[in-house]
Structure formats: C-alpha cells, structure tokens
Amino acid sequence: MEYSMAWLSYHRLPFYEGQEYFRKIYVQGEDEITGTAVYELCRGAEEMLGIRTEVIKWPELSGQDGKDRQDKGIYLLTDSNGPVGGGYRITEENGKIHIAAAESEGLLYGSFDLLRQVQRGFPLNGLNRLKLPDNPLRMLNHWDNMDGSIERGYSGNSLFFRSNTVMVEERTRDYARLAASVGINGVVINNVNVIGKATRLIIGEYAEALKRLGDVFAKYGIRLYLSLNFAAPMELGGLDTADPEAEKVRAWWQEQMKETFCNLPSLGGFLVKADSEGRPGPFTYGRTQAQGANMLAEAAKPYGGIIIWRCFVYNCTQDWRDRKTDRARSAYDYFMPLDGKFEKNVILQIKNGPMDFQVREPVSPLFGSLRNTNQLLEVQIAQEYTGQQRHVCYLIPQFKEVLGFHTYCREEGDTVADIISGRSFSHRICGMAAVANTGSDTNWTGHDLAAANWFGFGRLAFDSSLSAEEIAREWCECTFGTETQVAHAVCKILMMSWPAYEKYTSPLGIGWMVTPNNHYGPNVDGYEYDRWGTYHRADHLGIGVERGKAGTGYTQTYLEPNASLYEEIEKCPEELLLFFHHIPYTYRLKSNKTLIQHIYDSHFEGVEDVEEMVTLWQGLKGKIPDEVFERVKTRMEQQLEHSREWRDQINSYFYRKSFILDEKGRTIY
C-alpha cells in the first residue's frame, strides 16, 4: 500500500481483554451495507487482535431472538424498533454485543464506533451506547477538477479525476471507508466552479464510471452528488439562453434530469454555485435566486433529487470605494427576502460567516433569520485562509463556536446547531457540509495533523455534543495509539493551533491580510479587492470596518439582542471588534492595552505559541513512526518560520501607519 489509512491504520494490540467478542459475528441482514459492516468488523479484528472472525448468517434472527441466544459474539440486528436515521445502539451483556438499528447504515456506524472503542483500549463489558445522528446530511464538497487538479487543494491531486476521466480504484474504496467511519453520508466529487469537461458529467458520456463510483460509495452508506453548471442548456444543449423562466430551458432541464437520474439512480442531487465570481446564474436574466433554484428543483423532484444552492453570492465587480458597499451584507440581502419561496427539495448552503472562511468571522445572520427554508451549514476544512495545510490549524473549536451561537430566533432551541439539525423549524433536509481537504498525497491531507479536521468534521456533524477536546483525543488515539505522552502532546498542539494562527495573522476579526489569489502569506494591502482598503480600512489613526448604523448597517441584519451587542463598541465581543467597527489605535481594550499594543503583543504571542508546539512535537521523536514524525517536523518548522514573517510584516506595517512605539521596547522595523 502506497498510502496510509489515517485513523483506520489499525495498530496491533498486544493484549485486549475484549478480544473474545470478535471470534464470531452473527448477522441477520444480507444487504450491501450490512455486508460492509461485517467486513469492517472482521478487518479490524484481524489487524488489531490477530483474530480471524467466523461470520454466521441467521436469516431468521430477529431483534428479540438475537438477545435470547446464548452464543457469545457480536450480533448485527436490524430491528424495526431500533434507532432510525442512521442511529444505533450498542449493548453488551453476558459476553454478547448487540449492534441494533432500524437501518443498515446504523449497523455500519455502530460497527465503526465499536472498533473505535477497541482502538482506544476501552473495555466492552457492560457497554451501552445509544447514538442518533444530529444532522440528516453530513457532506463533503470536493473542489476537484477533471484534469486531476484541485482548486484550493493542498494535498496532491484529485482522488476522483485524472486526465478528464473518472477514477474508480482501490483508493476510492479506502476513501469511502474513512468518510463513512466518521459518519459522512454525502459527497460532491467535482468543483463548484463547473467548467469544461465537468459540465458533461451530467450526460451519458461519464455515466458508466460514475455509476461504478456511486456503487462504491453506496456500500458505505454514502450518496454521490455532482456540482452543476447553470449554463448547461447553452453549453450542452445549444440553446441561446439559460433563463430559468424560459420554457425551452425548463424543458431541457426536465429531459436532462430524466436522463441523468436514469443513468445514476442512486444520485443524491446537485450542488450549484451561481452568480458569484464569474459563475452564470439567474441574475443574468433578471431572475431571483429562488427562480433559478426552483427550476432545477422541479426537474429533479420526480427522482428524489435535491438542489443544494450556495448562498455565496456577491458582486465582485462593484465599486468598493463606496464605503456603504459591504460584501458581508450580500448573502443576507439577496436571500432573506426569499425566505419561504424555495421548493421543498432546495437547501440553501450557507457559509459559517458572511465573508469567506476567515480565521475569525461572526456567524452568518441568515442563520436564525431564515425560518421557512432548508439550510446547510458550510465550513471549510481545506484551510484556504488558515494555513493551507502547511500550518497546523485544528478548526473544530471554531466549528463548535459556530454551532453553539445563539441566534435568538426562538426562546429555546435557537442555536445554529438547532437550526441546521431541523430541531428549530422542523426542516427535514438540512445539516452540515465541509469543503474537503483530501488528495492523492500519501497521508491524504498533506499535513498529517490536518487529518484531524477531516475526522473532526465528520464526528461533529454526526454528534454535535462532542467537544473539540474529545474529538482531538479520539483522533489522536485512533491515529497514533494511546501512549499518554503522545496523546497529551498532540492534543495540546491541536487545541493551541487555531488561537495561535489567529494571533500571528489577523486578530480581532479583521482577516484578509493575505497575498492575492493564492491566499497564503502576509500582504496587508494586497488582497485583490482591497485596493482602497475595503477589507481593513486602516489609516494613520485606526483600523477596522464600520458596520454599525453609521457605516454599512450590517449589525442590523442580526436579531436582537445580537444587533445591539454588535452595534455598541463597548459591548461588541473583542475577537470581532475590528470586523464591526473602525477603532483608533489608542482605544483601550478590556485588558487595558491599547489596540495597537494588542496588535503587537498578539503577533509576538502567536510565534511563541508555535515555538511551544514545535517543542512539543520534537519531544515525540521515537514515539511516532519516523516517516510521520519527520513530515510533521518539517511542516512545523516551516510554520514557525512563516509565523515570524507574519509577525514582522504585520507589526511593521502598523508601526509605520501609526508611528506608535511598542511599549515593551521590542524591535519593530
């Protein structure tokens, strides 16, 4: 094998008291997903325990009969009274482990959960675990191109495409194994910016290969999705328009959906990026986003297909010199008036913040404001703006903050987690999606520690009650084993990493101070839309974007009391202060530091944090596989060098802007 299996790289356990359970598996169902669950249990038993498991099929076995049998072992029971929606219950009594679920997906997730218990050395005696997935949809969005490249890809080439062909290989199955093991149940395989050959994925040309890929996914309870080109009627059908209200366009899509779903009956639906960054969409024809989405939804509805419509819509050509112009308002202004006007099989995919995956943003005000529309939270684990998988930046703490944000849309059950799970407004198709971070690199994610974001997203989407620390510990012990020093050091590195990255790049919510186009490395005035200081608006007196009533009015897009909280400088959370307000350098924060001193200090502190992270990793030499240790060591040494560059460039910039000296006398050029 030329690549690792990440957290499924099962380590042989010298002794495990629960190994006797794995000598026999009693299985009731014969469907493919149940077969996958059996395969995974057998593989885990062999690799971790050295046991060859005997599989015994009992077609007549019912849930109650299984509990009454005296034979010791593991029972996979499809129980109509068991947990639904991919949920499962694991119980142990008298030497028997029962994994029960109403559906085979639950048996698969329960089997992976049981294997995690073994990986982590937990006893199985008396086990009693009931798990119900918090979110119906738990998806990965790949930005893979058909030539094999990946837009914002930092881990090698595509796992799905090579030279304009669809790849279905052994690694495809291993990808599905990893995704399903943490509860992922939907994958969009191609880039949201659909160009060239990718437009043709919906026609018969690629049907055979896509069906094979979909079949591999289906064995692991994963549905295949495709990104869609809104202009396909013109590019494929030879029409002179893609107007969603034109009868010939509607008729074309109805015929095309019929063909596509006939070729790919297990297809889940389509992801659409429209009217943003040059992508075609309904605005071209004076139509609303709802009219565009609904036209596609009506065509896909007879086949059970859903349309996932991204809310990343803004006019990148507008005049940014107008200080009332605010990209942060775009999604809210475009979509809020359309609440309740989307078809039932349309889901709005909303980024966690109003801008673009910055290290710190407020939660999008669409969450809580939209009450009558299906919603999918979109996050990014690809680290486009957070170190591009060259820096350690464990993002699960950020996602936890987003999920726990109170929107005040109701007296109770008002958090983002409540909304996207369907609990707040009884939505049934909703959940979480992440821009994926995988590629063809040996370790899947470029940086070995970046795999924690892939693992963590899946676990969090399935069980939002887990803490970031719990997920980090799980991933570490499954990946590296349970040695105490390793687990302590790796978990500490992960938990330090997001705050550290924020400190040495852009604290207080300002964001964006990156090199244009590739979005990596410090460049305070360089960002492509920042020619007039639109994103930080720093001058010789202060910094920040005034988004209160006196500015763009963005604060008023939130429900109360959040609107007032963000409006008032003294009450505004300081980690978002510069996102919402233009603040003088001499303004004193709650720490009694001036704003400029906080900028200086935080950048020095961020570097010190990285120095500590490097030291922690170096202490693991000999306790981590040599190849992995050296890869991570090299990346972390680069991160330390880059963090110093960030510190020096940002501090120098603001010293030269303000001409205010560092109170601690450190050299700032």
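I started where α1 ends: the helix is followed by G50, whose phi is positive, near 70°. Helices here are DSSP runs of H or I with at least four residues, strands are E runs of at least two, and both are numbered from the N terminus.

This is a predicted model, so I kept its rules in mind: local features need pLDDT of at least 70, side-chain atom pairs count only at pLDDT 80 or more, and totals for chains, interfaces and linings use all residues. Residues are numbered from 1 along each chain as its sequence is written, and side-chain values use heavy atoms, with hydrogens and water left out.

Back to the start of α1, where a side-chain oxygen of D31 comes within 3.2 Å of the backbone nitrogen of I33.

Next I checked the length of α1 (residues 32–49): at 1.5 Å a residue, its 18 residues should span 26 Å, and the end C-alpha atoms are 25 Å apart, which agrees. The expected span is 1.5 Å times one less than the number of residues.

Then burial (under 20% relative accessible area, 1.4 Å probe, protein chains only). I found 13 of the 18 residues of α1 buried, so the helix is largely enclosed by the rest of the structure.

On to the sheet: six strands, open, mixed pairing, in the order β2-β1-β3-β5-β4-β6. Two strands pair if DSSP finds at least two bridges between them. β2 (54–57) and β6 (128–131) are at the edges with a single partner strand each, so one side of each has no neighbour in the sheet.

Last, I looked at β1 (residues 24–27), which runs parallel to β2 and is joined to it by four bridges. There I25 sits opposite V55 in β2.

Conventions:
Buried < 20%, exposed > 50% of the residue type's maximum accessible area, 1.4 Å probe, protein only. Polar contact = N/O pair within 3.5 Å; in protein donor to acceptor, adjacent residues only side chain to side chain.
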